[in-house]
Amino acid sequence: MLYLVRHAKAGERAAWRGDDRLRPLSKEGRRQADALARLLARHTTGELVSSPYERCVQTLHPLAAVLRLPVRDDARLAEGTGFEGALDLLAEVPDGSVLCSHGDLIPDTIGALQRRGCEIVGEPNWRKASVWVLQRNADGQVVEATAWPPPDV
């Protein structure tokens with residue numbers, strides 16, 4: 001299994017002054033990140049990989065603290081990069097890895113997986129702090145995807 005997380009809630013994009021890559025999580029987003037850590041700690045056995053954007057890295061920090069693992073930045077998970085790099089990354093990381101990305105990249109990546117034969121189980125969930133659980137077959141191909149809703153905080 002792999003876990004593809006949409007970053008938790010961040011401050012309003014329109015209200016942020018400065019480089020959007022540095023926009024942090026809001027108070028509610030920090031609570032969501034803490035809740036995601038509690039949820040994912042028992043499932044995570046691989047790497048923690050994040051978009052280099054601050055809000056994504058901060059989403060994984062509580063999980064990293066619990067597991068005593070580093071969060072590795074990967075530009076293939078950044079906004080506006082397209083799904084091809086994300087697909088490559090999904091093929092590279094070990095089972096049990098958690099990846100954090102954005103609201104443009106995740107739907108595009110799930111759509112690309114579906115076009116490649118991945119079955120979507122249940123209703124999609126694109127909200128902030130939602131988690132896509134991705135099941136790979138023995139060849140490493142993602143064959144099933146299920147969305148978990150954001151944690152209640």
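Two residues are in contact when heavy atoms of theirs lie within 4.5 Å. The structure treated in these exercises is a predicted model.

**Exercise 1. Contacts along the chain**

Determine what share of the contacts between residues at least 6 apart in sequence joins residues at least 24 apart.

*Solution.* Step 1: Consider the contacts in the protein between residues at least 6 apart in sequence. Step 2: Among these, 61% join residues at least 24 apart.

**Exercise 2. Overall architecture**

*Solution.* Step 4: The C-alpha trace spans about 45 × 30 × 25 Å along its principal axes.

**Exercise 3. Burial and surface**

*Solution.* Step 1: A residue is buried when its relative accessible area is under 20%.

**Exercise 4. The surroundings of helix α3**

Identify the buried residues of helix α3 and the elements against which they pack.

*Solution.* Step 1: Helix α3 covers residues 83–92, and its buried residues are Phe83, Gly85, Ala86, Leu87, Leu89 and Leu90. Step 2: The strands against which these buried residues pack are β1 (2–6), β2 (48–50), β3 (71–73), β4 (98–101) and β6 (131–136). Step 3: The buried residues of α3 also pack against the helix α4 (105–115).

**Exercise 5. Aromatic pairs**

Describe the two aromatic pairs of the structure.

*Solution.* Step 1: Tyr3 and Trp148 form a pair with 5.9 Å from centre to centre and 40° between the planes, and this pair is tilted. Step 2: Tyr3 lies in strand β1 and Trp148 in strand β7 (residues 142–148), 145 residues apart, and the pair thus links distant parts of the chain. Step 3: Tyr3 is buried, with a relative accessible area of 6%, whereas Trp148 is partly exposed, with 24%. Step 4: The rings of Trp126 and Trp132 have their centres 5.1 Å apart and their planes at 35°, so this pair is tilted. Step 5: Trp126 counts as partly exposed at 35% relative accessibility, whereas Trp132 counts as buried at 1%.

Conventions: Residues are numbered from 1 along each chain as its sequence is written. This is a predicted model: local features need pLDDT of at least 70, side-chain atom pairs count only at pLDDT 80 or more; totals for chains, interfaces and linings use all residues. Side-chain values use heavy atoms; hydrogens and water are left out. Buried means under 20% relative accessible area, exposed over 50%, partly exposed in between (1.4 Å probe, protein chains only). Helices (H or I, at least four residues) and strands (E, at least two) are DSSP runs, numbered from the N terminus. Rings of Phe, Tyr and Trp (its six-membered ring) pair if their centres lie within 6.5 Å; planes under 30 degrees apart count as stacked, over 60 as edge-to-face and the rest as tilted.
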